[in-house]
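Trainee: I would like to go through this model piece by piece. Shall we begin with the overall fold and then turn to local details?

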Amino acid sequence: MRGKKHASRCLVCGGKVNISVKGLFDARFGAEGRYNVGECASCGLLQLAPLPSQGALKKLYQRYYNFGGSGKGAYTGARRLFFDSVLSRLWSFIDGDISFYDRKGSGRLLDVGCNEGRGLARYEKNGFQAEGLELNEKAASTASAAGFTVHTALLGEFRPAEPFDVVVLSNVLEHVLDPIELLEDASRVLKPGGELWISCPNAASWQRAFFSKAWINWHVPFHTAHFSGKNIRKLLDAAGFEVKKIKNESPALWFASSVVSKLFSRHGKPTTQMRNAMLMASLMLFTRGVLFPALWLGNLLGKGDCLVITARKK
Ligand SMILES: [Zn+2]
């Protein structure tokens with residue numbers, strides 16, 4: 001552990017972290033405990049305070065985190081049907097493509113945290129030779145069974161035979177205890193000039209202020225850090241990347257999840273309403289159909305709920 005990882009020190013710049021949001025709890029899986037988020041006095045990064053140890057975090061994932069849609073419930077079935085349909089492309093055109101499912105290209109692509117390989121299928125379809133990294137053995141074996149090359153390794157210990165043209169970190173960076181190290185590892189496995197595609201929640205989102213403690217992207221204790229367009233630019237620069245583009249998106253699913261969290265979440269209890277397909281679909285359609293001007297304006301002002309970043313290895 002580097003000194004900068006001390007609980008009261010910023011994960012990115014080592015600055016002093018002051019508590020800014022107190023008493024958050026897990027609004028999805030019902031993990032026990034109250035958590036605080038602090039703000040770095042120097043760079044404005046928001047992070048869990050204190051930070052959990054790697055060991056404690058691993059135990060929390062094993063106990064609570066449901067990997068992908070390995071279940072056979074109605075929600076999982078509805079999700080799978082949707083993702084396999086043409087509606088899915090139309091939806092991501094309107095709602096924003098935060099998983100890079102619609103980017104066409106060629107070359108070798110690495111999806112870090114590929115889960116059961118839904119993304120790998122899309123990247124292959126779009127022209128890439130896609131490989132994945134996945135620590136969860138069950139999810140990794142599902143992706144392998146579908147014919148994909150999946151490595152059960154951390155990015156830090158992964159030594160590919162050939163470098164990649166693209167590395168995808170889709171909602172990954174906000175989960176780790178050392179974001180700089182993760183970016184340096186991404187750089188190591190990329191070709192010079194290779195691209196890094198990142199999506200992560202936007203700490204400068206208007207929805208964060210609007211939903212306050214119920215904002216779905218606090219996602220304690222699993223989200224360790226919350227980036228803004230400004231500080232992620234600095235972080236990428238420090239890790240040897242040139243930012244080509246930062247786009248804001250505001251997925252209807254995230255807005256709907258914050259609404260459900262506000263209405264139903266209780267400490268120590270899983271919020272089962274988040275897996276109610278009818279409820280979530282209705283809320284998402286309402287969000288897209290009625291609230292689109294607010295989402296559009298928020299994105300335009302850099303206050304959308306999700307940052308979608310394209311960077312190039314220098
Ligand atoms: Zn900082």
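Trainee: How many helices and strands does the chain have?

Mentor: This is a predicted model, where local features need pLDDT of at least 70, side-chain atom pairs count only at pLDDT 80 or more, and totals for chains, interfaces and linings use all residues. Residues are numbered from 1 along each chain as its sequence is written, and side-chain values use heavy atoms, with hydrogens and water left out. Helices (H or I, at least four residues) and strands (E, at least two) are DSSP runs, numbered from the N terminus. The chain has 11 helices and 11 strands.

Trainee: What is the radius of gyration of the chain?

Mentor: The radius is taken over C-alpha atoms, and the globule rule is 2.2 Å times the number of residues to the power 0.38. For 314 residues, a compact globule would come out near 20 Å. The chain agrees with that, at 19 Å.

Trainee: What share of the residues counts as buried?

Mentor: Buried means under 20% relative accessible area, exposed over 50%, and partly exposed in between (1.4 Å probe, protein chains only). Of the 314 residues, the buried share is 51%.

Trainee: What share of the contacts with a separation of 6 or more comes from residues 24 or more positions apart?

Mentor: Contact means heavy atoms within 4.5 Å. Residues 24 or more positions apart account for a share of 70%.

Trainee: Which elements do the buried residues of helix 9 pack against?

Mentor: Helix 9 covers residues 252–264. Its buried residues include Trp 254, Phe 255 and Val 259. They pack against helix 3, strand 8 (190–201), helix 7 (206–211), helix 10 (277–290) and strand 11 (306–313).

Trainee: How far apart are the end C-alpha atoms of helix 9?

Mentor: The expected span is 1.5 Å times one less than the number of residues. With 13 residues, helix 9 should span 18 Å. The end C-alpha atoms agree, being apart by 18 Å.

Trainee: Which residues make the nonpolar surface patch of about 460 Å²?

Mentor: Patches are made of residues with over 30% relative accessible area and no salt bridge: like charges are joined within 9 Å, nonpolar side chains (Val, Leu, Ile, Met, Phe, Trp, Tyr) within 5 Å. Accessible areas come from the Shrake-Rupley method with a 1.4 Å probe; for residues, only the protein chains shown count as cover. Leu 90 sits in helix 3 (residues 87–95) and is partly exposed at 48%. The patch is made by Leu 87, Leu 90, Phe 93 and Ile 94.

Trainee: Which residue forms a salt bridge with Asp 102?

Mentor: A salt bridge is a side-chain nitrogen of Lys or Arg within 4 Å of a carboxyl oxygen of Asp or Glu. For Asp 102, the closest N and O atoms are 3.8 Å apart, and the partner is Arg 89. Asp 102 lies in the loop between helix 3 and strand 4 (107–112) and Arg 89 in helix 3, so the pair ties together parts 13 residues apart in sequence. A network of salt bridges links Asp 102 with Arg 122 and Arg 89.

Trainee: Is Asp 185 buried or partly exposed?

Mentor: Asp 185 forms a salt bridge with Arg 188, with the closest N and O atoms 3.4 Å apart. Both lie in helix 6 (residues 179–189), three residues apart, about one turn of the helix. Arg 188 is partly exposed at 34%. Asp 185 has a relative accessible area of 13%, so Asp 185 is buried.

Trainee: Which residue pairs with Glu 249 in a salt bridge?

Mentor: Glu 249 is buried, at 9% relative accessibility. The closest N and O atoms are 3.2 Å apart, and the partner is Lys 247.

Trainee: What is omega for the cis peptide bond that joins Val 220 and Pro 221?

Mentor: Most residues other than glycine have a negative phi, and most peptide bonds are trans. Pro 221 lies in the loop between helix 7 and strand 9 (225–226). The bond from Val 220 to Pro 221 is cis, with omega about -5°.

Trainee: What is phi of Ser 212?

Mentor: Ser 212 is in the loop between helix 7 and strand 9. Ser 212 is partly exposed, at 39%. Phi is positive in this residue other than glycine, near 50°.
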